[in-house]
Amino acid sequence: MVDVENIIEKIVKNTVEIVTIEELKEILEKEDKKAYIGFEPSGRIHLGHYLQIKKMIDLQEAGFEIVILLADLHAYLNQKGSMEEIHQLAEENKKVFKAMGLSAKYIYGSEFQLEKDYVLDVHRIALKTTLKRARRSMELIAREEENPKVAEVIYPLMQVNDIKHLEVDVAVGGMEQRKIHMLAREILPSIGWKSPICIHNPVLTGLDGKGKMSSSKDNFIGVDDDPDIIRSKIRKAYCPMGVVEGNPVLEMARYFLEYPLTVERPEKFGGDIYVENYETLERLYREKEIHPMDLKNTVAEEIIRILEPIRKRIR
């Protein structure tokens with residue numbers, strides 16, 4: 001007998017939303033079930049990726065077959081390099097995902113996205129999608145360009161089609177994927193596939209407090225960063241006294257650290273603080289009971305500890 005409630009609680013943890021939980025409960029009762037997430041090979045793997053992989057591990061432990069789409073054609077459409085360069089980076093990314101403890105089936109988009117049936121389905125989806133809707137589903141940066149390429153409209157249609165052709169029950173991604181996933185739920189039943197269950201995770205704020213964590217913006221902590229580099233990056237991170245919203249250091253404390261937790265600080269400033277859970281830590285920080293530097297030092301050492309086994313497996 002599957003303990004659905006306990007499994008649901010674990011899957012829901014640290015997500016922003018699940019569309020829908022009732023559908024997820026139904027699929028958990030099935031023996032064969034598949035979940036996927038796509039990654040565009042375009043840079044170093046950082047904590048933002050790790051947050052997504054941690055959710056895939058939760059799903060794996062719940063009995064899902066896990067598929068990782070190495071979205072080489074998507075990266076090519078986004079002008080992230082030649083196919084050879086993209087494949088080289090994808091293989092490096094795959095090595096890191098495995099070091100994180102994920103056992104998955106890895107599929108390159110180019111393995112199936114050039115097949116006749118796939119291409120025909122892209123056209124069928126295009127016939128059912130208005131240009132306005134497709135544009136809304138584009139990456140924010142592409143929507144803001146004065147003259148976005150047609151490829152950037154094709155990109156979300158392909159993502160919708162990936163769900164059908166990978167035959168998955170669950171699609172996982174950050175909240176920036178929500179519009180595409182909602183398009184998939186609307187369109188796919190009309191071309192012979194069910195609406196996917198969609199799990200949306202938070203998008204980590206970059207260390208500079210400006211937008212999402214990204215290797216291209218150099219505002220990230222790489223999962224293979226050395227301890228001293230992690231300490232230095234977190235020490236310089238945006239973390240105003242008493243500010244919770246958009247605080248990347250608190251986000252790391254929320255999504256990665258284990259509780260109860262001791263925030264170490266010198267005796268002359270009141271000594272160590274013991275916190276039972278993240279909510280207590282956030283409240284104390286908001287009330288300015290914890291200094292930014294004490295928070296940074298604690299988070300840095302915990303992140304170093306968490307990433308150490310991954311770093312060792314990579315090297």
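This is a predicted model: local features need pLDDT of at least 70, side-chain atom pairs count only at pLDDT 80 or more; totals for chains, interfaces and linings use all residues.
Local features were considered at pLDDT of at least 70 and side-chain atom pairs only at pLDDT 80 or more, whereas totals for chains, interfaces and linings use all residues. Residues are numbered from 1 along each chain as its sequence is written, and side-chain values rest on heavy atoms, with hydrogens and water left out.

A search of the whole structure returned 3 aromatic pairs, where rings of Phe, Tyr and Trp (its six-membered ring) pair if their centres lie within 6.5 Å, and planes under 30 degrees apart count as stacked, over 60 as edge-to-face and the rest as tilted. One of them, formed by Tyr50 and Phe256, is stacked, with 5.9 Å centre to centre and 20° between the planes. Tyr50 belongs to helix α3 (residues 47-61) and Phe256 to the loop between α12 (248-255) and β7 (261-263), so the pair ties together parts that are 206 residues apart in sequence. Helices (H or I, at least four residues) and strands (E, at least two) are DSSP runs, numbered from the N terminus. Tyr50 is buried at a relative accessible area of 10%, and Phe256 is buried at 5%; buried means under 20% relative accessible area, exposed over 50% and partly exposed in between (1.4 Å probe, protein chains only). Phe112 and Tyr118 form an edge-to-face pair, with 5.5 Å between centres and 80° between the planes. Phe112 is buried at 12% relative accessibility, as is Tyr118 at 2%.

Lysine side chains also meet aromatic rings. Lys54 lies over the face of Tyr50, 5.6 Å from the ring centre, and the charged end of Lys33 sits over the ring of Phe64 at 5.8 Å from its centre. The criterion requires NZ of Lys or CZ of Arg within 6 Å of the ring centre and within 35 degrees of the ring normal.

Helix α12 packs against helix α13 (residues 278-286) at an angle of about 160°, with the axes 9 Å apart; axes are lines fitted to C-alpha atoms, for helices over the stretch in contact, and angles run from 0 to 180 degrees between N-to-C directions. The two helices are therefore roughly antiparallel (over 145 degrees; under 35 is roughly parallel, 65 to 115 roughly perpendicular and the rest oblique). Leu250, Ala253 and Arg254 in α12 meet Tyr278, Leu281 and Tyr285 in α13, contact meaning heavy atoms within 4.5 Å.

His74, in helix α4 (residues 72-77), is buried with a relative accessible area of 1%. Not counting residues up to four places away in sequence, His74 touches Glu40, Gln113, Tyr155, Met158, Gln159 and Asp162.
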